[in-house]
Amino acid sequence: MKIVIAPDSFKESLSAVSVAACIEKGFRDIFPEAEYVTLPLADGGEGTVDVLLQGLKGKKRTHQAEDPLGELVNADWAMLAPSERSPNKTALIEIAAASGLDLIAPEQRNPLVASSFGTGQLILEAIEQGAQTIILGLGGSATNDGGAGIVQALGGRLLDSKGQELNRGGAALADLASIELAGLDSRCADIELIVACDVDNPLCGDKGASYIFGPQKGATPEQVLMLDSALTNFADVAETQGCVSGEPMSKRTGYGAAGGTPMGLGLLFNMQIKPGIEMVLDVLQADEILKGADLVITGEGQMDNQTLQGKTPYGIAKRASLQGIPTIGIAGSLGTEVEALYGEMSSLFGTVRSPQKLEQVLEEAELNLRRTARNIAATLQIGRQLRC
């Protein structure tokens with residue numbers, strides 16, 4: 001029996017590699033003779049660089065940058081060597097490294113002031129080191145600033161009606177009156193930017209960045225309204241000034257990712273947006289790995305109907321389904337709405353064993369995950385015996 005274990009990370013507790021190891025240990029307790037293939041995954045969020053380095057030759061680097069609140073942090077990124085497959089010198093960056101939610105304590109999270117400036121510093125460092133192509137993973141950000149911080153870090157100016165530079169953060173965009181890109185680093189024009197996006201939400205509106213993702217970054221209902229209005233203003237000013245053309249930026253698919261970061265990136269680069277999980281699966285040649293498998297096990301920290309919006313478990317489950325392989329999903333917790341997921345996976349399991357405080361859930365994540373995996377395997381074994 002071949003079992004492919006292909007999870008994302010459990011945010012704030014376990015990396016994708018650790019999740020895969022825990023699931024394998026639990027299953028080995030019941031099926032020690034099975035063939036196990038671990039395929040840690042990411043969809044553009046934290047861990048994307050490490051996951052991509054599994055299938056690509058490159059070197060991880062560290063650069064000091066500002067976190068979402070302006071404190072210095074050592075942020076990892078990677079540079080790939082040119083190859084036949086990718087002749088350009090390519091940098092791998094994830095927004096979570098410098099602008100991630102994990103970098104801020106829960107009580108300090110504030111999307112009104114959180115900035116993507118540090119991610120802009122990482123992009124600038126990659127350019128300084130000779131990158132010609134940049135793959136930027138979006139996901140796990142603490143920001144709702146529409147990528148304004150990135151614009152500022154790369155030399156753009158965001159000004160109010162008095163010609164004064166805006167403060168950083170999403171709320172300040174409500175006062176935006178003009179955008180000046182004359183001071184932008186000229187090398188941006190020559191960069192091929194590929195954005196790995198883990199959602200397809202638009203920038204604004206009730207399905208946009210502020211409404212859907214703002215609350216998990218600390219926004220109150222009143223602040224959600226404020227942030228959505230500020231992002232709308234950012235898009236309106238950019239369009240009025242002729243910085244962009246085509247479909248209104250507030251409605252573009254995927255522009256709601258990472259607090260609207262594609263909005264700012266679109267002002268600076270010739271940008272391609274690709275589904276993060278599809279890009280990762282292709283790079284890691286997941287279709288080949290799945291061949292001959294009897295079962296796929298996937299998961300992430302929380303699974304609900306939003307998982308269908310380009311998240312890792314949905315991506316790998318689709319690939320498995322094309323080969324007729326059943327998929328089981330294991331999550332740290334299951335959301336209140338999961339019905340749509342049952343159309344994509346055979347079964348779903350949450351690992352939290354009883355009502356607990358968040359701190360205890362995170363502390364016991366490894367134990368709970370292994371125990372749940374073991375119980376799933378035992379149930380499968382009983383099913384095999386009953387068929388006999």
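**Group meeting talk: loops, cores and a pocket**

Hi everyone, let's start in a loop: Thr143 sits between strand E6 (133–138) and helix H5 (148–153). Helices (H or I, at least four residues) and strands (E, at least two) are DSSP runs here, numbered from the N terminus. This is a predicted model, where local features need pLDDT of at least 70 and side-chain atom pairs count only at pLDDT 80 or more, while totals for chains, interfaces and linings use all residues. Residues are numbered from 1 along each chain as its sequence is written, and side-chain values use heavy atoms, with hydrogens and water left out.

Back to Thr143, then. Is Thr143 buried or exposed? Thr143 is buried, with a relative accessible area of 0%; buried means under 20%, exposed over 50%, and partly exposed in between, using a 1.4 Å probe and protein chains only. Leaving aside neighbours within four places in sequence, its contacts (heavy atoms within 4.5 Å) include Pro68, Ser99, Lys217, Ala258 and Thr261.

Gly140 belongs to the loop between E6 and H5. Gly140 and Ser99 are 41 residues apart in sequence, yet their C-alpha atoms are 8.3 Å apart in space. Not counting residues up to four places away in sequence, Gly140 touches Lys11, Glu46, Ala96, Ser99, Gly100 and Leu101.

Ala258 lies in the loop between H7 and H8 and is buried, at a relative accessible area of 8%. Its phi is near 50°, a positive value in a residue other than glycine. Most residues other than glycine have a negative phi. Gln285 also has a positive phi, of about 55°, although it is not a glycine; look for Gln285 in the loop between helix H9 (276–283) and helix H10 (286–290).

Thr261 takes us into helix H8, where Thr261, Pro262, Met263, Gly264, Leu265, Leu267 and Leu268 are buried. That is seven of the eight residues of H8 (residues 261–268), so the helix is largely enclosed by the rest of the structure.

Now for the cores. A nonpolar core is a set of buried Ala, Val, Leu, Ile, Met, Phe, Trp, Tyr and Cys residues joined through side-chain atoms within 4.5 Å. Which residues have the most contacts inside the largest one? They are Ile123 and Ile134, in a core of 55 residues. Helix H7 (residues 221–240) gives the largest share, six residues. Apart from this core lies another, of 27 residues, with Ala42, Leu80, Val280 and Leu290 among them. As for Ile123, setting aside residues up to four places away in sequence, it touches Ile93, Ile134, Leu136, Ile150, Leu154, Leu265 and Phe269.

On to aromatics: a search of the whole structure finds one pair. Rings of Phe, Tyr and Trp (its six-membered ring) pair if their centres lie within 6.5 Å; planes under 30 degrees apart count as stacked, over 60 as edge-to-face and the rest as tilted. The rings of Phe27 and Phe31 have centres 6.4 Å apart and planes at 40°, so this pair is tilted. Phe27 and Phe31 are both buried.

One last thing, the lining of the largest pocket. The lining divides into twelve nonpolar, 20 polar and 13 charged residues, with Ala, Val, Leu, Ile, Met, Phe, Trp, Tyr, Cys and Pro counted as nonpolar, Asp, Glu, Lys and Arg as charged, and the others, Gly among them, as polar.
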